[in-house]
Amino acid sequence: MAGIRIVDMDIYHPAHQVGNDFYIEHFDARGVDIRGLLKALGRDKRYKINNDDENSLSMAYEAASNLLEKTGLTGADIDLIAYASQTPEYIFPTNSLMIHRLINGASHTICIDSNANCAGMTAAFEQVSRQMLGNPRIRRALIIGSDYVAPHASPDDPVYYANFGDAAAAVIIERDEQATGFIDSIYQTDTCVYGNSLFPAEGLAKLGQTGVDAGAFHVKFTPFDDSICVDAASESIRTLLGRNEIAADQIKAACFSQLSIGNIRAVSENIGIANDVAVYIGDEFGYTSTSSPFIALHRAITSGQVERGDKVLFWTVGAGWQNVAMVVEY
C-alpha cells in the first residue's frame, strides 16, 4: 500500500518581533501582573504583524510560495489545497480557493478550508492523508496553517493579548509507493470547556443583525485550567504508540501544541519522552496556534534533530477541547 510522505515544508513570519516587556508594561498600567503567566507559558518574544497589508491569508500565501519555490514545484503540481485557520481572512469564498488563484493552481485541484481551532493544521494533515490513501487521483497535497489572532484579542485579556504570535506553516505531502510517511492518529473529545473561548463572542448571526462595533470581533474568553488536557493527551498518545508498536524512545521529535511549555513537559514526562526530544519554539514565536506544531517540526528539521526515516509525534488541542495525536515517519 502506498504511503503518504512529507516532501518538504516551510514557514513564514513577519520581521517585527515584540518582547515580554511590552506586554508587562501594558498590563502593569491596568493593575494586572502577567509575569507569572508569561513564565508559566514559556513566553519571551513573538513575531507580530505591524502593518495593514498582512493577515492570516497573506502569511499563508508567503509560506506556500516559499515552499513551492524551495521544492521546484508549481501550483499546477498540486492536486489538493487544504487551508487550516481559526481566524480566516474571509468566510467565503474559501481561503484555499484564494491560495489556488495566487499560486496558479490547476483546474482539477480540490480546495478545502478546515477549522479545528488550534488543532487545525494537525487535523488537516491527518484528514488529507487519509483522503489521499483512499483516492489515488490525489498525488500531491499542499496543507497550510495560519492564524492572526491579534485583531480579535481584547487589550484587557492577558491570555489572548500577550500570548499569541503571528506565523504560518506550509507542508507538501505526496503518495509514495516506497514510503511509510503518515502512520496513524487518534482523537479524543471532551466538551467540558466548549464555551470558554467564543469567537465572535455573540455569534455571526447576531453581528449580522446588530452591526459590528470595535469589540464585537474580540474573543470572549473565560479562564480555565488548561492542564486538564494533559492526562487525556498522555492516554491518547500511549494508545497511539501502543497500537502501532512504537516505543517512546523511537520518537526523534515531539512536535506538540506550543500553548504552554508546562503542558509539553508534563505530557512528555507522562509518556517517557525526554525534554530534548520535545521541540519548543514558543519562546521565539509566541503561540501561533494552528501552525505551532509544524513550526516546531520545521525547527527540528532545520536543526538536524529529525532526518529522513525518523518518527515524529504530534499532539495538539483545540478550544473546546479536542486532543489530536498523530505519528508520522519523516
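Tutor: Start with the words for cover: buried is under 20% relative accessible area, exposed is over 50%, and partly exposed lies in between (1.4 Å probe, protein chains only). This is a predicted model, so local features need pLDDT of at least 70 and side-chain atom pairs pLDDT 80 or more, while totals for chains, interfaces and linings use all residues. Residues count from 1 along each chain as its sequence is written, and side-chain values use heavy atoms, without hydrogens and water.

Our part is strand E6, residues 140-147. Helices (H or I, at least four residues) and strands (E, at least two) are DSSP runs, numbered from the N terminus. How many residues of E6 are buried? Eight of its eight are, and the strand is mostly covered. Now look at the directions. Arg140, Leu142, Ile144 and Ser146 point one way from E6. Ala141, Ile143, Gly145 and Asp147 point the other way. In general, side chains of a regular strand alternate between the two faces of the sheet.

Next, the neighbours. Strands pair if DSSP finds at least two bridges between them. On strand E4 (residues 80-84), five bridges join E6, and the two run parallel. Leucine 80 has alanine 141 of E6 as its bridge partner. Alanine 82 faces isoleucine 143 in E6. E7 is another partner of E6: they pair in the antiparallel sense over eight bridges. There, leucine 142 stands opposite isoleucine 172 of E7.

Step back to the sheet. It is open, has five strands and mixed pairing, and runs in the order E1-E7-E6-E4-E5. Its edges are E1 (3-12) and E5 (110-114), and each of these pairs on one side only. On average, neighbouring strands are turned by 15° against each other, direction ignored. Helix H11 (residues 292-302) packs on this sheet. H11 touches E1 and strand E7 (167-176), and the direction of H11 makes about 95° with that of E1. Axes are lines fitted to C-alpha atoms, for helices over the stretch in contact, and angles run from 0 to 180 degrees between N-to-C directions.

Ile143 is among the residues with the most contacts inside the largest nonpolar core, which has 37 residues. A nonpolar core joins buried Ala, Val, Leu, Ile, Met, Phe, Trp, Tyr and Cys through side-chain atoms within 4.5 Å. Phenylalanine 125 touches Ile143, and also Ile6, Val171, Ile173, Phe182, Phe294, Met326 and Val328, leaving aside residues up to four places away in sequence. Contact means heavy atoms within 4.5 Å. A second, separate core has 26 residues, including Ile237, Leu240, Tyr280 and Val317.

Threonine 316 counts as buried because its relative accessibility is 0%. Beyond residues up to four places away, threonine 316 touches Cys118, Ala119, Thr122, Ser257, Pro293, Gln322, Asn323 and Val324.

Finish with a contrast. Glycine 272 counts as exposed because its relative accessibility is 53%. Glycine 272 lies in the loop between helix H9 (261-271) and helix H10 (282-285). Aspartate 249 is 23 residues from glycine 272 in sequence and 7.7 Å away in space, C-alpha to C-alpha.
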